[in-house]
Every structure is written in C-alpha cells, then in structure tokens.
Amino acid sequence: MSDARAAAGPRGQVPDRLCAEAVELARDAAAQAAHPHPLGEYLGAVAEGDRLVTHFFAGEEPGYPGWRWGVTVARAARARYVTVDEVALLPGPDALLAPEWVPWSERLRPGDLGPGDLLPAEGDDPRLEPGFVPPPGEEIVEEDAEEAGLIRRGGVADIAGELGLGRRRVLSWYGLQDAADRWEEEFGPETPMAQAAPASCLSCGFLMPMAGALRQAFGVCANEFSPADGRVVSLAYGCGAHSEAAVTPKAAQPAPPVIDHLAADPL
C-alpha cells in the first residue's frame with residue numbers, strides 16, 4: 001500500500017486512511033480498463049464520502065486529451081480490506097469536450113431546408129395564431145368528423161373557407177413584426193444601396209403591391225436588373241434601377257450627307 005493521502009471532498013468529507021492508501025489497487029483496475037493503451041501518471045485522489053475515495057490517473061487514449069481515469073474504492077464499516085467500486089474515464093479540468101447539445105429547432109437556420117424536408121410548426125409557435133375560433137361544440141378535427149358524418153354543410157369551417165379564412169392558423173402580431181424586421185434588414189432604408197438610391201421604391205413602377213397587413217410598408221420588386229428582383233422590399237428601399245431614376249439618352253442622329261454639286265462624278 002502507498003502512503004498517499006486523499007484531499008477532502010467538496011462537502012468536507014474526511015478521507016478514509018485505508019481507501020486513500022489503496023493507490024496500487026486503483027492503478028491495477030485503471031490499467032485493465034485502459035488496455036491496450038498505457039496508463040498515465042498518478043494525479044491524486046479526493047474523498048467522495050465516508051470510506052469512499054476516488055483515485056485519478058492520467059489517460060493516454062487518442063482523441064481524449066485532458067481526460068483521466070477515475071477509480072473509486074470503498075471499504076465497508078469495520079472492514080480491513082478495500083475494494084474497487086467503479087472505474088470510469090472522466091474529463092479533467094482542461095479536457096476536450098463536445099459542445100453543449102442544442103435542439104434541432106434551435107440549430108436550424110434559414111436556407112437549411114432542402115427538397116423533401118419537412119419543418120413542422122409547433123402548436124405554440126408565437127409567430128402564428130388561430131385563423132378563426134369555432135364556437136363551442138365544433139372544436140373537432142374536420143377530417144375525423146367528416147368521416148363520422150358530424151360536419152354539416154354551412155358549418156363554421158365551410159363558411160370560413162368561403163370567406164377566405166380557411167387557414168387554421170395565420171400570422172400573429174409577433175410573426176408580422178418578426179418578418180418586417182427580417183425583410184428590412186436586407187432590403188430596408190438603412191442599407192447602403194438604399195442610401196445611395198435616387199428615389200425610394202414607393203414611387204417605382206416596378207413595385208408590385210402586397211396584400212395583407214404589411215402592404216403599407218412592403219412590396220415585391222419586379223425589375224430583373226434590380227438586386228432585389230423577386231424579393232420583398234421596404235417601400236423606403238431604393239436602388240439605381242428605379243423606373244424614374246434617369247431618362248434614357250436618345251440615340252444621336254447622324255448628320256445629313258453633304259453633296260458636291262460643282263464637281264463631276266468619276267465614271
């Protein structure tokens with residue numbers, strides 16, 4: 001047995017003397033777990049509880065820099081022998097660790113969606129709100145109810161569809177503001193292109209008006225020579241392709257021909 005001593009635990013546990021001295025027992029257990037890789041130097045020990053001590057050895061496993069082998073040894077009350085309780089490869093203070101896991105919904109970025117991909121909208125998505133609220137007794141899934149013959153013609157769902165309100169959810173006020181902020185960031189009045197433009201999109205003939213609540217602030221550009229062609233632009237945006245920005249110069253008319261009536265034409 002070694003005469004090594006373990007440090008006190010995080011809760012001030014006093015290390016057990018026999019467990020703290022069981023360095024060689026812990027080394028043999030760590031060497032078996034690390035095989036076929038060699039075992040590094042002894043790094044010390046810490047008390048985990050009553051008659052419970054963990055010994056640490058440097059790890060030499062490829063791809064695990066800063067990790068260490070931890071061997072927890074224990075001794076029963078009034079027992080004279082120490083036994084191995086657990087062996088594990090643990091990260092040290094300077095260990096290389098994987099980044100914190102982030103749910104897919106938070107990792108997703110614009111442009112990640114590809115052909116065939118499905119992106120579900122959560123039921124509590126703050127960007128959406130119910131398109132219409134059915135009266136009591138009609139909060140029922142239409143597909144299931146129609147199969148059971150429970151939906152009558154002229155019901156709320158049918159009438160809402162006739163009025164153009166057939167969508168179950170529409171943009172909420174938060175969703176509108178979020179979209180407006182995003183669109184203005186790329187094609188808004190503060191962009192360098194708009195700052196240098198001779199006029200805004202509001203007076204451009206290539207601007208196509210939008211429908212909905214944002215039509216007073218946005219439109220769609222239909223000028224193929226504009227950097228915003230086919231994109232939603234702020235009415236305060238502008239570019240050099242404005243329909244009234246400049247007058248197309250007229251082609252120069254050639255000078256009339258000069259005829260010499262005094263000289264004879266050669267034959």
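The following legends describe close-up views of one predicted model. Residues are numbered from 1 along each chain as its sequence is written, and side-chain values use heavy atoms, with hydrogens and water left out. In this predicted model, local features need pLDDT of at least 70 and side-chain atom pairs count only at pLDDT 80 or more, whereas totals for chains, interfaces and linings use all residues.

**View 1. The largest pocket and its lining.**
The largest pocket has a volume of about 750 Å³. Of its 22 lining residues, Ser105, Leu108, Leu119, Asp125 and Arg127 are the closest to the centre. A pocket is an open set of points on a 1 Å grid over the protein atoms alone, with protein on both sides within 12 Å along at least five of seven lines; lining residues have an atom within 4 Å of a point. Grid points are joined across faces, edges and corners, and a volume is the space filled by probe spheres set on the points. Helix H6 (173–187) and H3 each supply at least two lining residues, and the largest share, 5 residues, comes from H6. Helices (H or I, at least four residues) and strands (E, at least two) are DSSP runs, numbered from the N terminus. By class, the lining has 12 nonpolar, 3 polar and 7 charged residues. In this classification Ala, Val, Leu, Ile, Met, Phe, Trp, Tyr, Cys and Pro count as nonpolar, Asp, Glu, Lys and Arg as charged, and the others, Gly among them, as polar.

**View 2. The salt bridge between Arg127 and Asp125.**
The side chains of Arg127 and Asp125 meet in a salt bridge, with an N to O distance of 2.7 Å. A salt bridge is defined as a side-chain nitrogen of Lys or Arg within 4 Å of a carboxyl oxygen of Asp or Glu, and the count comes to 6 by this rule. Asp125 is buried, at 12% relative accessibility, whereas Arg127 is partly exposed, at 40%. Buried means under 20% relative accessible area, exposed over 50%, and partly exposed in between (1.4 Å probe, protein chains only). Both Arg127 and Asp125 are among the residues closest to the centre of the largest pocket.

**View 3. A nonpolar surface patch.**
Trp104, Leu108, Leu113 and Leu119 form a nonpolar patch on the surface, with about 380 Å² of accessible area together. Patches are made of residues with over 30% relative accessible area and no salt bridge; like charges are joined within 9 Å, and nonpolar side chains (Val, Leu, Ile, Met, Phe, Trp, Tyr) within 5 Å. Accessible areas come from the Shrake-Rupley method with a 1.4 Å probe, and for residues only the protein chains shown count as cover. Leu113 lies in the loop between helix H3 (104–107) and strand E5 (128–130), and this residue is exposed, with a relative accessible area of 53%.

**View 4. The largest cavity.**
The structure holds 1 cavity of 30 Å³ or more. About 110 Å³ of space lies in the largest cavity; of the 16 residues that line it, Cys201, Cys204, Cys221, Ser226 and Cys239 are the closest to its centre. A cavity is a set of grid points where a 1.4 Å probe fits but cannot get out. The lining divides into 11 nonpolar, 5 polar and no charged residues.

Arg27 forms a salt bridge with Glu24, the closest N and O atoms being 3.4 Å apart. Arg27 and Glu24 are separated by about one helical turn because they stand 3 residues apart in helix H2 (residues 23–34). Arg231 forms a salt bridge with Glu186, with the closest N and O atoms 3.2 Å apart. This pair links distant parts of the chain: Arg231 is in the loop between strand E8 (218–221) and strand E9 (232–234), and Glu186 is in helix H6, 45 residues apart. Arg231 is partly exposed at 36% relative accessibility, as is Glu186 at 43%.

Most residues other than glycine have a negative phi, and most peptide bonds are trans. The peptide bond from His35 to Pro36 is cis, with omega near 15°, and Pro36 lies in the loop between H2 and strand E1 (39–49). Arg51, in the loop between E1 and strand E2 (52–59), has a positive phi of about 55° although it is not a glycine. Phi of Arg78 is also positive, near 65°; Arg78 is placed in the loop between E3 and E4 and is exposed at 81% relative accessibility.
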